[in-house]
Amino acid sequence: MDPIFSPPLYRQRQQFVIDFVKKTKPRKVIDLGCGECSLLKKLRFHREIEHLVGVDINGAKIKRKMHELAPVSTDYLQPSYDQLRVEMYQGSVTQRDARLRGFDLVTSIELIEHLTLADVEHFSAVVFGYMTPVTAIVSTPNSEFNPLLPGLSGFRHSDHKFEWSRAEFRSWALRVCLEYGYEVEFTGVGQAPQDQQHSVGFCSQIGVFQRLEGRDRFRASLSDDEEDVFSYTLLYCINYPSLRDNNTLRRVVVSEVLYWAEHIKNKWMEEKTGKKNDAFSLCQTEGGMDELHFEPHMEMEEKQTGSKMTCVSVPLAVLWSFCPKIEELSGSLSNLRHLLMDEPGVKLSQDGSSVLVKYQEQDQEEEVEDFEDSNYAECSHSAEQEEDWEV
Ligand code: SAM
């Protein structure tokens with residue numbers, strides 16, 4: 001079929017759902033008949049969604065693209081507070097699965113015409129009687145538009161079992177509403193030329209169903225013994241990193257702390273030596289354990305402790321007030337200390353009030369190796385760390 005729409009019709013259908021999501025901000029969304037996950041891939045960027053599920057009868061189709069739903073590097077490097085769990089199931093919309101109940105939005109885009117009419121009845125019972133989403137968006141071809149599609153004879157796809165006129169779609173949708181306690185509005189995408197819009201309608205017709213309050217008096221296809229039906233196969237699931245998860249929060253705080261501790265140390269060294277960049281080579285460490293102390297507000301004094309490592313001690317209080325992100329992430333100084341305690345990448349002073357950053361001469365390679373072997377971390381945002389996160 002010639003591409004007579006711009007943007008293409010499938011994009012217009014997806015955009016319809018995306019605009020709806022932007023407007024109504026559902027937290028839990030299912031795409032039925034998700035195919036190769038293309039709508040889901042777009043929806044995952046709408047981070048008000050916390051739970052995103054795809055279902056298709058064709059597991060091979062899902063498997064081809066489901067890994068593209070995985071978080072990308074920036075999701076790990078700059079996680080937000082938003083949470084997102086993605087699940088992909090192989091299963092038929094004519095069968096129930098308890099994991100799909102209680103969602104805010106269910107979409108079924110160009111799916112029902114692939115079902116026999118008997119299965120459309122099962123679909124109605126499963127979606128509106130069992131899953132009972134707050135909202136459902138159902139799209140299907142409008143057969144009245146077909147004469148405008150160049151070169152088309154018969155159905156738009158060989159697998160279509162039917163293609164409904166607007167009246168037929170309307171009749172099914174209104175029956176669903178009566179039976180299961182919903183109301184519906186009709187719209188569509190893919191406009192006909194101006195003078196034919198009224199007579200043929202949209203190329204894809206869409207019903208937006210809203211669950212009615214107090215729908216208990218309507219037919220619900222759920223009885224007690226059916227509540228825990230699990231007929232779908234879970235193919236893929238992933239949780240996006242979120243700052244609400246303690247491990248992710250700790251990882252980001254550690255990364256920020258190491259980065260800023262190093263930055264503060266370098267600044268101090270620049271000021272102390274009056275030179276930039278070559279500050280390392282200008283400081284004399286002599287292998288003795290020099291612990292260089294910041295006073296609050298970045299004043300420092302030098303103190304000999306007799307150990308082997310030379311460190312700069314950067315007080316947590318300085319980090320906390322110097323870097324708003326550390327303050328925001330940790331909430332309080334004691335939380336910050338708590339998050340850093342027992343972190344192998346962070347060396348705290350004995351009283352736990354400062355981060356010890358290695359004071360390192362650039363040309364002392366052996367020392368560098370020792371340092372890397374030890375439990376001290378190199379200063380933040382290292383490539384190795386990022387690779388680990390991606391893995
Ligand atoms: N929704 C996607 C879109 O808009 O691009 C894909 C639409 S494609 C025309 C129809 C999809 O419905 C196919 O991926 C097919 O495998 C799936 N499908 C057909 N019968 C199904 C059933 N009984 N249960 C779940 N999915 C089904």
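## Pairing of strands S1 and S2

Val29 has Leu52 as its bridge partner in S2. The two strands concerned, S1 (residues 28–32) and S2 (residues 51–56), run parallel and share 5 bridges. Strands here are DSSP runs of E with at least two residues, helices are runs of H or I with at least four, and both are numbered from the N terminus; two strands pair if DSSP finds at least two bridges between them.

The model is predicted: local features need pLDDT of at least 70 and side-chain atom pairs pLDDT 80 or more, while totals for chains, interfaces and linings use all residues. Residues are numbered from 1 along each chain as its sequence is written, and side-chain values use heavy atoms, without hydrogens or water.

## The sheet and its helices

An open sheet of mixed pairing is built from 8 strands in the order S6-S7-S5-S4-S1-S2-S3-S8. Strands S6 (182–189) and S8 (233–239) each have a single partner strand, so one side of each lacks a neighbour in the sheet.

Helix H1 (residues 9–24) packs on the sheet and touches S4, S5, S6 and S7. Contact means heavy atoms within 4.5 Å. The direction of H1 makes about 20° with that of S7; axes are lines fitted to C-alpha atoms, for helices over the stretch in contact, and angles run from 0 to 180 degrees between N-to-C directions. Helix H6 (residues 166–180) touches S5, S6 and S7, at about 155° to S6.

## Tyr89

Tyr89 lies in strand S3 (residues 85–90). Its relative accessibility is 2%, so Tyr89 counts as buried (under 20% relative accessible area, with exposed over 50% and partly exposed in between; 1.4 Å probe, protein chains only). Beyond its neighbours within four places in sequence, Tyr89 contacts residues including Val53, Ile62, Leu100 and Leu234.
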